[in-house]
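User: I am new to this structure and would like to learn how to read its features. Please take them one at a time, with the general idea before the case.

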Amino acid sequence: MNQTRSRLLQVVALTTAFAMSVTATLAWARTGDTDVVDLPIETPVPVVASPTVPSAPAAPSAASPSASDSPAGSPSAAPSVFRLPTATVEPSPKPTYRPLPLATDDGTDHLLRHPEESQTRSPRGCTVGSRLVPTCGILWGVAPGARTESRGVRALADFERKTGRRQAIFHGYHRGIRQMFPTEQEIAIAREPGRKRILLLNWKPETTTWAAIARGDRRTDDFLDRMAAHLRENFRDRFFFAVHHEAEDQVRERPGSGYTARDYAAMFRHVVKRLRAKGATNVVTVLVHMAYVPHTTRSWFRHMYPGDDVVDWIGFDTYSYSEPGYGHGDFAELLNRRSASKPGWPGFYNWVRKRHPSKPLMIAEWGVWFSKRNPDHMAEFYREVGEQIEDFPGIKAMVHFETPANHKRQDSRVDSTPDALREYRRLGRLPVFQVSVGG
């Protein structure tokens, strides 16, 4: 009798411990950490393992090994009457990167697609207008062989061969005040028979401060005058012209530094107005931001805008990271990257669409940094671009930055894996990216 009663009490005690353990575990699981949207590059997002419940009702001490640490049949693998199931922790909800509703002063959105137009099913006959804005669809381009000696004609040919299509935009970079551009090679790329392209040419002055250029630096003005003459004589085709892209890195908000945000805006205005005054009317200007949250959320960021009269397009450079942490996510995250430290920041796409609703947007540099530890991310990301692009009708051009190694030795080549290349080729064949720029 006493033996039976003792066994009954043991069963009741174990059952009670089981119920309390499950209740505590599930309560803890519901209070899991929220996702960190964005962290500084040097701070990785911690990977938190799913919690497990010990196999015995009594929790082991911190120094005690769990049952899974011991192989089956080993002396330390003690049998137990009850084995609790592993708790399933629901993942924290992902942050929303979708575009916010757009409200303009007159209640309209001049860049919203036509009711009959779908971004992934673009109507036939898409061309470009006087400011190179597509009548429908999105311009597709590349900066081929970036940071390599083969950039230019050979790199472009290689890229078009492996991706299976012509690029509508060719992105080239220039600096200083010695070389005239477009160069002969760039002109040949733009005018290749049967494969015409639009040039996107980036220029970084470098020889003096922004403030000095805005005041009329003699050497810079002489260069701009010679370039305007070069354009009148050798290249009257319309092309994209970016003045000192990603300038946020050089902003120095100190009086007299020559590199304040307002100095940049004044420099941009001076360059564009000088070129136009000298007859370079085929220049279509692009203001290219870095779209890096620690910059875009600064109080001076909005002061970089040179004015609607000298800015035709607004561009931004942004990349996806294959490893968890900063910049790891889908296409929507790429366009509206957020920061846990700046909860009021809506993301660059949302911000620029609200502040400059009439300006067409260009992703002037984009790509996926490949990682051998997560090689599938690149292909997955390209699939997501095709699935999500219709949610962002303000995007009118996308220009891939193709390099085997940037300054951090990161690789953005679209053929980093066979799956990645297949998905990128498939992406480039979508109707939305079929915009005619000439024969």
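User: Which residues have the most contacts inside the largest nonpolar core?

Analyst: In soluble globular proteins, nonpolar side chains tend to be buried together. A nonpolar core is here a set of buried Ala, Val, Leu, Ile, Met, Phe, Trp, Tyr and Cys residues joined through side-chain atoms within 4.5 Å. Buried means under 20% relative accessible area, exposed over 50%, and partly exposed in between, with a 1.4 Å probe and protein chains only. The largest such core has 77 residues, and those with the most contacts inside it are Phe241, Phe331, Trp366, Tyr382, Ile395 and Met398. Helix H6 gives the most to this core, with 7 residues. Apart from it lies another core, of 20 residues, including Val284 and Val437.

User: What should I know about the model and the numbering?

Analyst: This is a predicted model, where local features need pLDDT of at least 70 and side-chain atom pairs count only at pLDDT 80 or more, while totals for chains, interfaces and linings use all residues. Residues are numbered from 1 along each chain as its sequence is written, and side-chain values use heavy atoms, with hydrogens and water left out.

User: How many bridges join S4 to S5?

Analyst: Two strands pair if DSSP finds at least two bridges between them. S4 and S5 run parallel and are joined by 4 bridges. Ala242, for one, has Val286 in S5 as its bridge partner.

User: Where does His245 lie, and what does its side chain contact?

Analyst: His245 is in the loop between strand S4 (239-243) and helix H6 (261-277). A polar contact is a pair of N or O atoms within 3.5 Å; within protein, one must be able to donate a hydrogen and the other to accept it, and residues adjacent in sequence count only if both atoms are side-chain atoms. The side chain of His245 makes such a contact with the side chain of Asn202, at 3.2 Å.

User: How many aromatic pairs are found in the whole structure?

Analyst: A pair of aromatic rings is described by the distance of the centres and the angle of the planes. Rings of Phe, Tyr and Trp (its six-membered ring) pair if their centres lie within 6.5 Å; planes under 30 degrees apart count as stacked, over 60 as edge-to-face and the rest as tilted. The whole structure has 30 aromatic pairs. In one of them, the rings of Trp140 and Trp366 have centres 6.2 Å apart and planes at 55 degrees, so the pair is tilted. Trp140 lies in strand S1 (residues 139-143) and Trp366 in strand S7 (residues 361-369), so the pair ties together parts 226 residues apart in sequence.

User: Is Gly428 buried or exposed?

Analyst: Gly428, found in helix H11 (residues 418-428), counts as buried at 4% relative accessibility.

Definitions and conventions. Helices (H or I, at least four residues) and strands (E, at least two) are DSSP runs, numbered from the N terminus.
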